[in-house]
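Biologist: I'd like to go through a model with you and learn how to read its features. Could you give me the general idea each time, and then the case at hand?

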Amino acid sequence: MDRLVCFDLDNTLIDRDGAFRSWARWWTNRAGLGADAYEWLVAHDNGGYRPRGELFASFGQRFGVRMSVDEYDRDHPAFTWVDDAVLAGLASLRAAGWRLAVVTNGAVVQQTGKLNHTGIADAVDYCCISEAVGVRKPDPRIFAIAAEGAGATLDGGWMVGDHPAYDTAGGKAAGLTTIHVGTHHPDRPRTTTSVQSSRPSPSSTDHNSDHHARRSPSN
């Protein structure tokens, strides 16, 4: 059975924070609000880890404008993008015989929208969304589900992501070699395991993801 490379989605394959800023600019402009509303959203988003319902309720209390989580889930994916180099890297890994899976925490509507809009859904073998499978990172079971869905085994597999607890700790608990990308979590440990020469390395795609996922379009 082929070996596996798992990728986190937000702030790993795509610049989730850049997409949120673009969406926030668009939404506050549409609502007729000033720059302070946009800046408040960006300051209180917490990299997407603050619950949307809580964030939008606080926003409504402060600015007197209701924000809908369902509307956000529908609209936000259109503001995501993926660089061509990332898709090329994924294609290279598949051509080299690796099976690829996205392993992401989040809601089905939101995450599926991002995966489809960017074309990442078609570039990997399986997309494992926590809400769909009923397990969240860092629970190692989600990586086992991803491996099965991708038609691979965890043995000799990799996990690439930006979060030290969800991606690194979770991947290691599942027996995967882990690679950190990005700068969103500056306190993350640097615990990348060296690659054995007897097997191909996913490091080229990892580095592309790190470099390109940090760029964001002007708002």
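Biologist: Let's start with the largest pocket: how many nonpolar, polar and charged residues does its lining have?

Modeller: The lining has 6 nonpolar, 11 polar and 11 charged residues. The classes are simple: Ala, Val, Leu, Ile, Met, Phe, Trp, Tyr, Cys and Pro are nonpolar, Asp, Glu, Lys and Arg are charged, and the others, Gly among them, are polar. Keep in mind that this is a predicted model, where local features need pLDDT of at least 70 and side-chain atom pairs pLDDT 80 or more, while totals for chains, interfaces and linings use all residues. Residues are numbered from 1 along each chain as its sequence is written, and side-chain values use heavy atoms, with hydrogens and water left out.

Biologist: What volume does the largest pocket have, and which residues lie nearest its centre?

Modeller: General idea: rolling a probe the size of a water molecule over the atoms shows where empty space is left. On a 1 Å grid over the protein atoms alone, points where a 1.4 Å probe fits form a pocket if the set is open, with protein on both sides within 12 Å along at least five of seven lines; a lining residue has an atom within 4 Å of a point. Points are joined across faces, edges and corners, and the volume is the space filled by probe spheres set on them. Here the volume is about 580 Å³. The lining counts 28 residues, with Asp10, Gly48, Tyr49, Asn105 and Gly106 nearest the centre. The elements giving two or more residues to that lining are α4 (69-75), α6 (108-118) and α10 (164-173).

Biologist: And how many helices and strands does the chain have?

Modeller: There are 11 helices and 5 strands.

Biologist: Now burial: what share of the residues counts as buried?

Modeller: Buried is under 20% relative accessible area, exposed is over 50%, and partly exposed is in between (1.4 Å probe, protein chains only). Of the 219 residues, 48% count as buried. For an exposed case, take Val109 in helix α6: it counts as exposed because its relative accessibility is 55%.

Biologist: Is Lys137 buried or exposed?

Modeller: Lys137 counts as buried because its relative accessibility is 3%. You'll find Lys137 in the loop between α8 (130-133) and α9 (141-150). Using contact as heavy atoms within 4.5 Å, and not counting residues up to four places away in sequence, the residues Lys137 touches include Asp8, Val103, Phe143, Met159 and Asp167.

Biologist: Which side chains make polar contacts with Lys137?

Modeller: A polar contact is a pair of N or O atoms within 3.5 Å; within protein, one must be able to donate a hydrogen and the other to accept it, and residues adjacent in sequence count only if both atoms are side-chain atoms. The Lys137 side chain makes one with the side chain of Asp8 at 2.9 Å and one with that of Asp167 at 2.7 Å.

Biologist: How many salt bridges does the whole structure hold?

Modeller: A salt bridge needs a side-chain nitrogen of Lys or Arg within 4 Å of a carboxyl oxygen of Asp or Glu. The search finds 12. Lys137 and Asp8 form one of them, at 2.9 Å from N to O. That pair links distant parts of the chain, 129 residues apart, with Asp8 in the loop between β1 (2-7) and α1 (16-30). Asp8 is buried because its relative accessible area is 6%.

Biologist: Where do Asp45 and Arg16 lie?

Modeller: Asp45 is in the loop between α2 (35-44) and α3 (52-63), Arg16 in helix α1, 29 residues apart. Their salt bridge has its closest N and O atoms 2.5 Å apart, and both residues are buried.

Biologist: Last one, backbone geometry: which residues does a cis peptide bond join?

Modeller: Most residues other than glycine have a negative phi, and most peptide bonds are trans. Here a cis bond joins Lys137 and Pro138, with omega about 15°. As for positive phi, Asn11 is near 60° and Asn46 near 55°. Asn11 is buried because its relative accessible area is 2%, whereas Asn46 counts as exposed because its relative accessibility is 51%.

Key
Helices (H or I, at least four residues) and strands (E, at least two) are DSSP runs, numbered from the N terminus.
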